[in-house]
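Welcome, and thank you for stopping by. Shall we take a look around together, one question at a time?

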Amino acid sequence: MSNRHTIILMQTSQHRATRTFMDYESISQAMDGICGLYERKLKDLNPATRNITYDISDLYNFIDGLADLSALVYDHSIQAYLPYDRQWIKQKTLQHLKKLAQ
């Protein structure tokens, strides 16, 4: 995935106070960040477990469970950020994890 600045906009619950953002230098780093959020949540829920595993459906359930999730990806050709939705993020995380598994 190309080196395009990516901003992840997220709201974890229905409360507006849970709105936050994370920014990354690339789409790949942003997908790592989303996986990292899920992994930290798993560790918080299972503090005594040393090795935690999950599959893509578990990650998708986490993503779908967020009140809101979207991405803004910088497009150099138009010098602006393009918005992407939750489905796009799920597709990109799957591609990223497949690439890591190779």
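**A guided tour**

Visitor: Which residue lies over the face of Y60?
Guide: Glad you asked; keep in mind that this is a predicted model. At 5.0 Å from the ring centre of Y60, the residue lying over the ring face is K90.

Visitor: Which residues of helix 3 meet helix 2?
Guide: On the helix 2 side, the residues taking part are I56, L59, Y60, I63 and D64. Helix 3 covers residues 86-101. Its residues that meet helix 2 are R86, I89, K90, Q91, T93, L94 and L97.

Visitor: Are helix 2 and helix 3 roughly parallel or antiparallel?
Guide: Two packed helices are described by the angle between their axes and the distance between the axes. Here the axes of helix 2 and helix 3 come within 11 Å and cross at roughly 150 degrees. An angle over 145 degrees counts as roughly antiparallel, so helix 2 and helix 3 are roughly antiparallel.

Visitor: How are helix 1 and helix 3 placed, roughly parallel or perpendicular?
Guide: Let's follow the contacts first: I27, S28, M31, D32, I34 and C35 in helix 1 meet W88, I89, K92, T93, H96, L97 and L100 in helix 3. The two axes come within 9 Å and cross at roughly 95 degrees. Angles of 65 to 115 degrees count as roughly perpendicular, so helix 1 and helix 3 are roughly perpendicular.

Visitor: How many aromatic pairs does the structure hold?
Guide: A pair of aromatic rings is described by the distance of the centres and the angle of the planes. The number of such pairs in the structure is four.

Visitor: What kind of pair do Y38 and Y54 form?
Guide: The ring centres of Y38 and Y54 are 5.0 Å apart, with the planes at 90 degrees. Planes over 60 degrees apart count as edge-to-face, so the pair of Y38 and Y54 is edge-to-face.

Visitor: How many residues apart are Y38 and Y54?
Guide: Y38 sits in helix 1 (residues 27-45), while Y54 belongs to the loop between helix 1 and helix 2 (56-65). The pair links distant parts of the chain, and the separation is 16 residues.

Visitor: Is Y38 buried or exposed?
Guide: The relative accessibility of Y38 is 10%. Buried means under 20%, so Y38 counts as buried.

Visitor: What kind of aromatic pair do Y38 and F62 form?
Guide: Y38 and F62 are 5.1 Å apart, centre to centre, with 40 degrees between the planes. Y38 lies in helix 1 and F62 in helix 2, so their pair ties together parts that are 24 residues apart in sequence. As for the kind of pair, it is tilted.

Visitor: Which residues do ring pairs link into a cluster?
Guide: Two of the members are Y54, partly exposed at 23% relative accessibility, and F62, buried with a relative accessible area of 12%. Ring pairs link these two with one more tyrosine, and the cluster is made of Y38, Y54 and F62.

Visitor: Is D75 buried or exposed?
Guide: D75 lies in strand 3 (residues 68-75). Leaving aside its neighbours within four places in sequence, D75 is in contact with A80 and L82. With a relative accessibility of 18%, and under 20% being the mark, D75 counts as buried.

Visitor: Where is Q79, and what is its phi near?
Guide: Q79 has its place in the loop between strand 3 and strand 4 (80-84), and Q79 is exposed with a relative accessible area of 63%. Most residues other than glycine have a negative phi. Q79, however, has a positive one, near 50 degrees.

Visitor: Which residues is D23 in contact with, leaving aside its neighbours within four places in sequence?
Guide: D23 is part of strand 2 (residues 19-24) and counts as partly exposed at 45% relative accessibility. Its C-alpha is 8.8 Å from that of L9, a residue 14 places away in sequence. Leaving aside those sequence neighbours, the contacts of D23 are H5, T6 and I7.

Terms used
Residues are numbered from 1 along each chain as its sequence is written. This is a predicted model: local features need pLDDT of at least 70, side-chain atom pairs count only at pLDDT 80 or more; totals for chains, interfaces and linings use all residues. Side-chain values use heavy atoms; hydrogens and water are left out. Rings of Phe, Tyr and Trp (its six-membered ring) pair if their centres lie within 6.5 Å; planes under 30 degrees apart count as stacked, over 60 as edge-to-face and the rest as tilted. Helices (H or I, at least four residues) and strands (E, at least two) are DSSP runs, numbered from the N terminus. Buried means under 20% relative accessible area, exposed over 50%, partly exposed in between (1.4 Å probe, protein chains only). A charge sits over a ring if NZ of Lys or CZ of Arg is within 6 Å of the ring centre and within 35 degrees of the ring normal. Axes are lines fitted to C-alpha atoms, for helices over the stretch in contact, and angles run from 0 to 180 degrees between N-to-C directions. Angles under 35 degrees count as roughly parallel, over 145 as roughly antiparallel, 65 to 115 as roughly perpendicular and the rest as oblique. Contact means heavy atoms within 4.5 Å.
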